Amino acid sequence: MDALGLLRPGASVSGLPAAHTPGAATGFALGDHAGRAQAAPAAEPGVVASTASGPLQRRFQPYQNNGGTVLAVAGKGFCVVASDTRLGLGYSIPSRKVSRILKMTDKVVLASSGMQADMLTLHKTLRMRLVQYQQTHQKHMSLTAASQMLSNMLYTRRFFPYYTFNVLGGIDENGEGWAYGYDAIGSHEKVSAVCSGTGQTLIQPVLDNQIEFKQQWGAPKVDLSLEATVELIRDAFTSAGERDIYTGDFVEICKITKDGVDVEEFQLKLD
Amino acid sequence: MSGLRLTEGSRGLAASVAVEGAPLTRTQVPYVTGSSVLGMKCADGVVIACDTMASYGTLARFKSLSRMHQVSPNCILGVGGDYSDFQQLQTMVDAEMTAQYVANDGLTLSPKAIHSFLARHMYHRRCKVDPLWNTVIVAGFDKGEGVLSLVDLFGTAFSSDVLATGFGLHLGLPLLRNAHRPDITVAEAKGVLEDILKVLFYRDARTNDVVQLASVTAAGVEIGKMTKLKTEWGYKSFVEGARVGDDSSW
Amino acid sequence: MFRNQYDTDITTYSPQGRLHQVEYAMEAVKQGSASVGVRSKTHVVLATLKRFASELSGDQKKLFAIDDHVVIAISGLTADARVLSRYMRTETQHHKFMYDEPMPVGRLVLQVADKCQISTQRASKRPFGVGLLVAGVDENGPHLYQTCPSGNYFEYLAMAIGARSQSAKTYLERTYTTLAEAGVEELIQSAVTALRETVASSKDTELTTKNTAIAIVGTDGSGMRVLENAAVQPYIDALDAASPASDDEEEDGDGDNAAAAPAAAAPDAAAGEAAPAADAPAEGPADMQT
């Protein structure tokens, strides 16, 4: 599967224009106007021309990238998880307000970018597993447990992966805030700040610099307050929205503290 | 690729045929296809609209087919994409509704449940790499509120105040977004949707001028008759083409 | 010792047309400690009496939360109940996954009843030795159902199952007309009072905070909650404040006619809410004999 480079965010998957990848879907995504394209048989979501020799064949490609940026930033006793709400498809925006966030418990929040259909299924399955956990163990799932379960669930689809790029954030058993970053098949890392999705390349370096104080030689590491973190996240999304066409419309920001999850929303440019 | 070449090149792919030595292939290509569906949520209900053509490649193969399907007393579908897959979908949804009916407890599926059910079904098929090649708009009215949701061949599913599929995603959606107000009425929205269908007819070669509008309100489903759009071809730019300095690209 | 030629396997009828193994399973329900359910126009309440295997042990679980909108109380073999509750939890979760909506209570009960029925008709199976009171809310409001090992199920306004449940049923038959309009607190108190009837004649058992558990489901969106330990104290206190338990309890003799008492078998529920009460037993035969 990864021969197609599917597992990297921003890799060429039909639905996203990726002109540099020969053979993959390019240019306009013509929605469901099947059989319409005159020159390029690949100009539809879900259809790709075979590059192998032999008769020209078109076949269904089961992956699609709906874009979106998700991030999680942990701080002293809190964690902030945020995502934009744009649903992108090719050069179109079928909807401006589709949530990518799943509140797993009062202390754990998940945000997933990538393919919306896979995200939806992953979230539904997770929700089911959370209920089952609650019923068997008579308690809410901890951040650590949730992070491992997400990894396991992604890995069950190792050979037909969920095309989702997840970040998980929350408060652990000790009251500390943590963020977890994942790839599509469940590899994960416990960090203090992570960003995934189409805006990853724009935002992650900023988080490295501002949260982890990377490249700030000799500068004292300061713990950001919740307010300062939220402010940084707003700026990060505003900037990503400026340069990434798949990020925009609205941002949902979930502030997770010991008192629960508080969601705020702010608008990005609709262009 | 023309419709004719398309069929020649893909012969044998249409059905689930196992060729010895080759992997099992399934329907990988849509054949007879419907174009846009438009939808708008209103204060007093939901309106959806579509034209009535089904194309075979570039051929206008069928010119008065309905692309709407009533599922329940308060829910309809508007469907674009492969027409045979649409008919398969109708059979499947009807079977599900019958299964609900024969439970004999007076309960049936709400529009929201129908949307979810369709999304699960479409996602299941895409996971089998055997999709139903459609984009489906679900329009309903439940508990005093309009329901307007979309499902596509990948299982992508969401709800929105305005929706458009096919070419309408490009030409129709911006117009729908401009026209939408939370207090817009069904009657008003019908006019808007008809205007947008006209735009699509002018610009989308896979859309014809015989259209169908449907609404779902507290009073139930009303699927309108197929009506011919009143078109105007005498615009200066239509006749003379675009000039430098024109506002539009014509 | 001659007992009965027709009770050694599930699939053989007696000449009287009875399935003795199924009836014995129904008997197992009556051996279990009592469970009571009552319903108003807005809420359903279950009250259960928990048994302790020994002085040193914890209690046997009687209430199982199935979903946010459904809870069951069990009488009979707890181990069998766990199988059914796991099945019900899976079914409700799958329904939510598929339809994005909570499962209608009646549908769930029907599936459980069908599952019970299967094991009354296969030589290789044993009927479930447990009866359920299923409390839940859905589009049509609150519901109270009873399921039996026989595969029968009924909808009720008020019902009791388990040991000495006839006393509770007698109490409920006297008072059920007031339940429809009752508030939540009043409803809980009715359930606890009915439950107390089942231990009223007992020398060594009375309702305590340790052995009483209550579950409440409402249509007001508050979901489902369970009251245990100290939380049930007020209702037990209220019992003592009121008049002592009546002494007209009737023991379940041989029990054949006990379960089928038409209790409060909601006539209006059957008509108005399409309750699947069409196959409710008239009277007389044990209710597994349909």
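This is a predicted model: local features need pLDDT of at least 70, side-chain atom pairs count only at pLDDT 80 or more; totals for chains, interfaces and linings use all residues.
I kept to pLDDT of at least 70 for local features and 80 or more for side-chain atom pairs, while totals for chains, interfaces and linings use all residues. Residues count from 1 along each chain as its sequence is written, and chains are lettered from A in the order in which they are written.

**Helix pair.** I looked up α2 (residues 78–99) and α3 (residues 105–118) of chain C; their axes come within 10 Å and cross at roughly 140 degrees. Helices here are DSSP runs (H or I, at least four residues). Axes are fitted to C-alpha atoms, with angles from 0 to 180 degrees between N-to-C directions. I noted C:L84, C:Y87, C:M88, C:E91 and C:T92 on α2(C), and C:L108, C:Q111, C:V112 and C:K115 on α3(C), as the contact residues (C-beta atoms within 7 Å).

**Chains C and A.** Four residues of chain C contact four of chain A. On the chain C side, α2(C) gives the most, with three residues.

**Cores.** I read a core as buried Ala, Val, Leu, Ile, Met, Phe, Trp, Tyr and Cys residues joined through C-beta atoms within 7 Å; buried needs 20 or more other C-beta atoms within 10 Å. The largest has 127 residues, and A:A72 and A:V81 touch the most other members. Helix α5 (residues 186–203) of chain B gives the most to this core, eight residues. Apart from it lies another core of 75 residues, including C:L108 and C:Y153.

Definitions and conventions: Helices (H or I, at least four residues) and strands (E, at least two) are DSSP runs, numbered from the N terminus. Two residues are in contact if their C-beta atoms, placed from the backbone, lie within 7 Å. A residue is buried if 20 or more other C-beta atoms lie within 10 Å of its own, exposed if 12 or fewer, and partly exposed in between; C-beta atoms are placed from the backbone.
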